[in-house]
Amino acid sequence: MTYGWVMVSSLLYLSLSVCLVISLLDTTSKSRFIKETVRRWCKFLLGLAVIALLVQVLTWFG
Amino acid sequence: MMTNPATAVPIAKENETPERLTYPQRPRWQSVGLALLNWLIPGAGYAAVGDFLRAGILCLIINLIFAIGLYLDGYLYVPSFRLGPEFNIVAILTLAVQALHGGGTILLLAAAEVGGPLGALLVRDPGAPYSDLGAFHLLVAGGLNYVASARLYDLLVGYEEPKPAPKNRTTTVNSTFENPAIHHASSTESNKEEQK
């Protein structure tokens with residue numbers, strides 16, 4: 001596995017872990033736990049994608 | 001769901017799962033002790049209050065991140081705390097967050113101090129290709145353990161998040177501030193209509 005793929009895998013794994021822990025500490029039912037985790041993970045990844053895009057755009061002007 | 005008006009704690013009916021997680025309240029000193037236990041061993045505080053499933057999952061998730069961090073040659077760097085050219089606030093803050101995984105941090109610092117086979121196993125090379133990524137895993141493990149410990153404390157002392165303000169307000173704030181009589185008149189009219 002190349003260096004970049006290790007980084008991307010870590011990003012996915014760590015972001016999922018953060019969402020899992022937060023949902024675990026917030027919900028009581030299994031279905032709600034899964035739903036909340038997926039919702040949080042999607043929002044988290046979307047936010048990270050926006051930041052990545054912004055950084056990439058800024059490198060063109062740097 | 002019903003709510004006990006005296007304590008504002010949701011009362012779950014039989015066979016009904018409450019939406020929010022709640023624990024029986026405990027004294028503050030006991031809550032602090034359990035949060036510290038959870039800081040030392042992730043999930044142990046939850047196990048101590050009898051929530052074994054949540055404790056097991058937390059222990060697995062947080063310690064797995066910590067173990068992967070070590071596998072990727074993650075390291076603890078103890079920076080200089082003296083104010084001088086070598087002072088590095090980022091390194092200090094990194095160590096502070098990593099130390100929120102209490103047991104792991106104590107183990108790594110002890111291994112670095114003792115050396116021998118334990119030191120060879122746990123003290124990694126900071127110059128290895130993935131060592132910074134590994135150190136970041138240790139950082140995330142510490143941060144998550146802090147969230148779990150703080151949440152446990154909140155649950156045990158009975159802290160509740162403030163409820164958001166209702167969205168269906170009919171009276172605008174500006175009219176009330178400009179002329180309170182208008183608000184009073186309109187509210188009186190609405191009361192009359194309600195009485196009818």
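**Figure 1. Helix 1 of chain B packs against helix 7 of chain B in this predicted model.** The axes of helix 1 (residues 28–40) and helix 7 (residues 131–157) of chain B come within 9 Å and cross at roughly 160°. Angles over 145 degrees count as roughly antiparallel, and helix 1 of chain B and helix 7 of chain B are therefore roughly antiparallel to each other. Their crossing is right-handed. To find the contact from the helix 1 side, look for Arg28(B), Ser31(B), Val32(B), Leu34(B), Ala35(B), Asn38(B) and Trp39(B). Helix 7 of chain B answers with Asn145(B), Ala148(B), Ser149(B), Leu152(B), Tyr153(B), Leu156(B) and Val157(B). Sorted by class, this contact holds nine nonpolar, four polar and one charged residues.

**Figure 2. Helix 4 of chain B crosses helix 7 of chain B.** Here the axes of helix 4 (residues 89–98) and helix 7 of chain B come within 7 Å, with a crossing of roughly 55°. That angle makes helix 4 of chain B oblique to helix 7 of chain B. From helix 4 of chain B, Thr94(B), Val97(B) and Gln98(B) take part; they meet Leu138(B), Leu139(B), Gly142(B) and Gly143(B) of helix 7 of chain B. In this contact there are three nonpolar and four polar residues, and no charged ones.

**Figure 3. Chain B meets chain A.** In this view, 16 residues of chain B are in contact with 15 residues of chain A. Which helices of chain B each supply at least two residues of the side that touches chain A? They are helix 3 (52–71) and helix 7 of chain B. Helix 7 of chain B gives the largest share of that side, six residues. By class, the side of chain B that touches chain A has twelve nonpolar, one polar and three charged residues. For the model, the scores are ipTM 0.90 and pTM 0.77.

**Figure 4. Two stretches of chain B have pLDDT under 50: residues 9–13 and residues 182–187.** For chain B, the mean pLDDT is 81, and 76% of its residues reach 70 or more. Over residues 9–13 of chain B, pLDDT stays under 50, and the model has 13 contacts beyond four places in sequence for them. Residues 182–187 of chain B also stay under 50, with four such contacts beyond four places in sequence. A friendly reminder for this view: where pLDDT is low, the predicted coordinates should not be read in detail.

Terms used
Residues numbered from 1 in each chain as written. Chains lettered and ligands numbered in written order. Predicted model: local features only at pLDDT ≥ 70, side-chain atom pairs only at ≥ 80, totals over all residues. Axes fitted to C-alpha atoms, helices over the stretch in contact; angles between N-to-C directions. Helix = DSSP H or I, 4+ residues; strand = E, 2+ residues; numbered from the N terminus. Parallel < 35°, antiparallel > 145°, perpendicular 65-115°, else oblique. Left-handed = near helix turned anticlockwise from the far one by under 90°. Contact = placed C-beta atoms within 7 Å. Nonpolar A, V, L, I, M, F, W, Y, C, P; charged D, E, K, R; others polar. pLDDT = per-residue confidence, 0-100.
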